[in-house]
Structure formats: structure tokens, C-alpha cells
Amino acid sequence: MSGLTIAEKILSQKSQHSRVEPGEVVEASVDLAMSHDNTALVASIFSKLDVDKVWDPNRIAIVLDHRSPANNEQTAKRHQTIRTIVQEQHISTFFDIGQGICHQLLPESGLVQPGMLIVGSDSHTTTYGAFGAFATGIGATDIALVWATGKLWFKVPETIQLTVNGALPSMVTAKDLILHIIKMKGQDGANYQSVEFYGTTIERMSLGSRMCITNHCMEMGAKTAMIPFDKTTKQYLNNNAGFSAQPVFADADAVYTEKTEIDVSDLEPLVACPSRVDNVKPVADVQGELIDQAVIGSCTNGRLEDLALAASILKGRSASSDVRLLIIPASQKVYQDALHKGYISVFLQAGATIVNPGCGPCLGLHQGVLAKGETALSTTNRNFPGRMGSPESNIYLASPATVAASALTGEITDPRGVLS
Amino acid sequence: MIIRGVALCYGDDISTDEIIPGPYLQYDSPEKLASFAMRGCDTTFPEKSKNAILVVGKNFGCGSSREQAAICLKHAGIQSIIGVSFARIFYRNAINQGLPLLQSSSACEMISNGDEIKITLETGEIENISTQKQIQSTPPAPFLTSILKAGGAIPWFHQQK
């Protein structure tokens, strides 16, 4: 009998089966259920289930990040409803407005541990796979069912193994690597599947870079994306809230639906062009495209290392007067660290607007919505039509280095040229 | 379970940002959400969606986990969606809302806008009454059909008690 991948092993453990096979539907016990501003919808569905108490208030986390602070009265009412639910149900983990993005706050708080089964009412819940957890996005009804029972059905996914080797060239980042992979696989190239990452490039990466990769795997449809636990994961957990779980590793004879090796030694800065995340081109191909707004932030690229990279390019320089440069730290901790290291001062001197920690303009609700005909270059993860505002606006996605370099010139610019 | 309706056809990779753009998520009422269904790609959709069957290409519903994408389509009158493939969160949300999804790689070529369609959910048989052609699709797994027959996840949950 063959071995198991990480996804198969975690779902076996959580469904109390000795082993599960891809395609099988299992009912599994959830370790952590996260929801954000859409918790008002979750609560309204939960109330229709006629269950008085949530299954475990210590395994529920709620974060107000999508419209934070409230962008209108309707949002304010929803936030009010959510605060009441938190109190009534004694939810132990609640981050009110301004604390940051769920996908940064949960890892920072030590709530994400290897081997866990985590669900979130946000598609980018795949982010937590950077810690070797099985983490996947679901809708509001599914979260309400988990609140009621602590369980949910899962179809066991097939697993793709991606092995990434080589040293990333200067000014080429995890973002460029994952854009390269999404181009290779296509927008639905990993639909319903789990992705496991291996190789020296991944082993050398910080947790921040790893989270950028597992976050973005959603943009090729992945159900979950995992990087096996190692000494870097252990160090991150020990530096934050501690290490309290049992890591899960794939068996040496696990069966993969695909095995691909990637060498990054010659990788160059890339851009996802409107209006598909897999419409990826070298920066050189779109160099000179004028931009109105440059955004550095989000659950993909709003971490300290992203701000450090942007600050190294912006230091002592000013953004083009034709560009609105928005910087959105992913959490209060990232903001504070950036402040202490002097990055925030660099950004202010460059003419940036610092937006409070949260999702910012990523989903077109507030804090930098695009008008018809405008173009943004952003470190966020989606460029679908209308994502950031008008359906007739354009979004390009790139690394913090490329966005910072482009903010200086007012047009899409290769960061390697700016530094030299 | 027999489902009948008139075909409304769209293409590949329609994201939840197009099905229900972010700003409209401020509405709670399913009817209000329905009035903005598909606003990101077809502003005339609500005028023709009543009792319609959506026929779509690959990766329908990609992007955000917003359940309002399934809610707005169901309340706009969509009876079922036949697609080459569906993004996985949208798939779960639609089943939970009691909106049946069937997978077929050939439906797009064999069904045109306005064709009269009859679906047998359990078997996945699709009859294009207008052209008198039969299409075999992949129906939802039996477990999911039980949720659909109950009318969605909430009534199904009560049945399980």
C-alpha cells in the first residue's frame, strides 16, 4: 500500500480513518474556524440552525479586516452585530478593526500550527499552509455548520508536488516565483487539488515569503497549499506565540498526481496583466505602461519583509507626482516594526499615503477605489475586471520591488534598473 | 428531481467579482443581491434570469469565497448551472444554497441562448428540448444530491438531527 501526502494524512487523522484516498468524501473535525467581516452573514445562518452555543468558542477566530474601519452605516451595523455575537458566544479570539488582516494576525498570534485542519470564510485561507497546516476557504453556510458541529465534509484532494531549486536573483521575489507558477499552471490549473512545495528555494525562504506563495495558490484554484514544517517554521512559531502541535509530513512513497521541478536561477521580475492572474509577462514586456495608483500591502505582500524591500528602493526618493502610492501594513505589529526600522518615515518622505492595517482597496470597497480608465499596479492577489473599483479600470499585479520602482517613475518599471 | 428552464450562456473564468462585485455585498436581502447578479459582466442579466438555466464554460465562480455569488444567482431565478468546471468554493456554496450544478464539457457547444432545457438531477441527463439533443453530464455526488433535495444545507441540517 502506497504512502500518503500531507493533505491525505491530515484528513485521515481528522476523520479518524486509517487512510483516505483522493476523491473520497470524509467528515472531518476542524481545529480552527476563521471568519471576517462576513461573520454577520455566518451568524444569521447559524441562528437558523437552532443551535444555542457554538461547538467550541476557543476554536473560532473572528477578524474585522475587509471594511476596517467601517466604510458606511451598513458595515457599522454588521460590525456591531459581530461584536455582540463575540460576547454572547464567548469567542476567545476577536480582532476588532485596525488590528490587521486575518491571514497575518492568526499566524502572528500562534493560532496556526502545523498539522491542523483550518477553515476560513475567505478564499486566501490557503495562506496557513505555509506552516504545514491543511487550510482551505469555504463559504458562510459552511462556517455556520462548523460553528454548530465542529465538523465539515471534505473531498480528499489529489496532490501536486512542486520542487523549486536555485537562488532567486536580486530583486526577484516569492511573488515573482508564484506568478511564474500560476502562469505555468493556469488560473484553474490546481482546482480542487492540494499543492506541496519542496526544494532548496523554499527551504531558504522566510515564513513571510512562504505565506505569499501559499496565499497565491488560491489563484490557480488550489484547495490547499502546503510547505512542510522545518526549522524556519519552528523558529517563527517560537519567536511569536510558541510551538504546540505535531507536524505532519508526507510519506516517501506518497502518490502525487503531478511532480514538477522548477529552477529559479534565471527568473526575472514578472507582472500579472489585466484581467487574469495567469496573464503573466516579464516586466520588460509591459515596461512604460503608465500607472495612476501603486499599492503595497494585502494578505499576499503586506509583511515586514515586503515593506523593507519597498523602503530599500524608495529611500531618499519621491514617488512620481502622477502616482498615488498606498502602503498598507498587514498588521499592527508589522506597522510598529516598520515604524521602528524607519520604513514608515521613508514612505512618508516618498509621498506615500499610509493606510491602516487591513485589506485596504484590494476588493474595491474603500481606501483607494479605482475610477473608470485608471490603472493600478498592486502587490495584491487579484486583477479580475472591477476587482478594485470600476469594471473599466485595469490592475497589474507585481512584487513590492516592482511596485516601489514603478511608483518612482509613474510607469511599470523593472526594479533591477532602479537600484543600479 | 426534474429541473426545467431556458438556457442563458456565458463564457470561461467568470469570477465572483463579476457575479456580484464587492460594493453590492453591502446588501443583506437576497432579492436586492439578485437585482445586481452578474453586474460585473452583464447588466441586463436580472431581466432574463427568471427560471433560466445558466450554461457556462470552465472555472465558473473563481475568486472570492463570497456566498452571495450563489445566493444572488439562486434568487435571480436560476434553476441550475451546467458548466465545464466550477471553482471549488463556489461549488460548495451553490450546493449549500440548494442550487444544483452539473458538469459537462460539451454543453456549451450543444446549448444556445434561449434553448429549452430539461435536467434529470440524479442521472445528470440533460435534454435540449429545442434541438432534441441529449447530453450526458456528471451529476453531483449522491451525498450532495441529498443536500440539494433537502433544499440546501440549512434544511438538510435539520433533517439530520
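The exercises below work through a predicted model, with solutions. Residues are numbered from 1 along each chain as its sequence is written, and chains are lettered from A, with ligands numbered from 1, in the order in which they are written. Because the model is predicted, local features need pLDDT of at least 70 and side-chain atom pairs count only at pLDDT 80 or more, while totals for chains, interfaces and linings use all residues.

**Exercise 1. Helix 9 of chain A**

Task: Find which residues of helix 9 of chain A are buried and which are exposed on the other side.

Solution:
- Step 1. A residue is buried if 20 or more other C-beta atoms lie within 10 Å of its own, exposed if 12 or fewer, and partly exposed in between, with C-beta atoms placed from the backbone. Helices (H or I, at least four residues) and strands (E, at least two) are DSSP runs, numbered from the N terminus.
- Step 2. In helix 9 (residues 231–239), the buried residues are A:T233, A:Y236 and A:L237. They lie on the same side of helix 9 of chain A because they cover an arc of only 95° around the axis; the arc is that of the directions from the helix axis to the C-beta atoms.
- Step 3. An α-helix has 3.6 residues a turn, so residues three or four places apart point the same way.
- Step 4. On the other side of helix 9 of chain A, A:K231, A:N238 and A:N239 are exposed.
- Step 5. Helix 8 (207–216) of chain A is included in what covers the buried residues of helix 9.

**Exercise 2. Where chain A touches chain B**

Task: State how many residues each chain puts into the contact, and which helix of chain A gives the most.

Solution:
- Step 1. Two residues are in contact if their C-beta atoms, placed from the backbone, lie within 7 Å.
- Step 2. Chain A supplies 34 residues and chain B supplies 28 residues.
- Step 3. On the side of chain A that touches chain B, the elements giving two or more residues are helix 2 (39–47), helix 3 (73–88) and helix 5 of chain A. Helix 5 of chain A gives the most, with four residues.
- Step 4. This side of chain A divides into 13 nonpolar, 13 polar and eight charged residues. Here Ala, Val, Leu, Ile, Met, Phe, Trp, Tyr, Cys and Pro count as nonpolar, Asp, Glu, Lys and Arg as charged, and the others, Gly among them, as polar.
- Step 5. Helix 5 (residues 140–149) of chain A is mostly covered, with eight of its ten residues buried. Among them are A:D142 and A:W147. A:G150 follows helix 5 of chain A and has a positive phi, near 75°.

**Exercise 3. The domains of chain A**

Task: Describe how domain 1 and domain 2 of chain A meet.

Solution:
- Step 1. The domain assignment gives domain 1 (6–262) and domain 2 (271–414); such bounds come from an automatic or database domain assignment.
- Step 2. The centres of domain 1 and domain 2 of chain A, taken over C-alpha atoms, are separated by 24 Å.
- Step 3. In the contact, 32 residues of domain 1 of chain A meet 29 residues of domain 2 of chain A. Helix 6 of chain A gives the most to the side of domain 1 that touches domain 2, with six residues.
- Step 4. That side of domain 1 of chain A has six nonpolar, 19 polar and seven charged residues.
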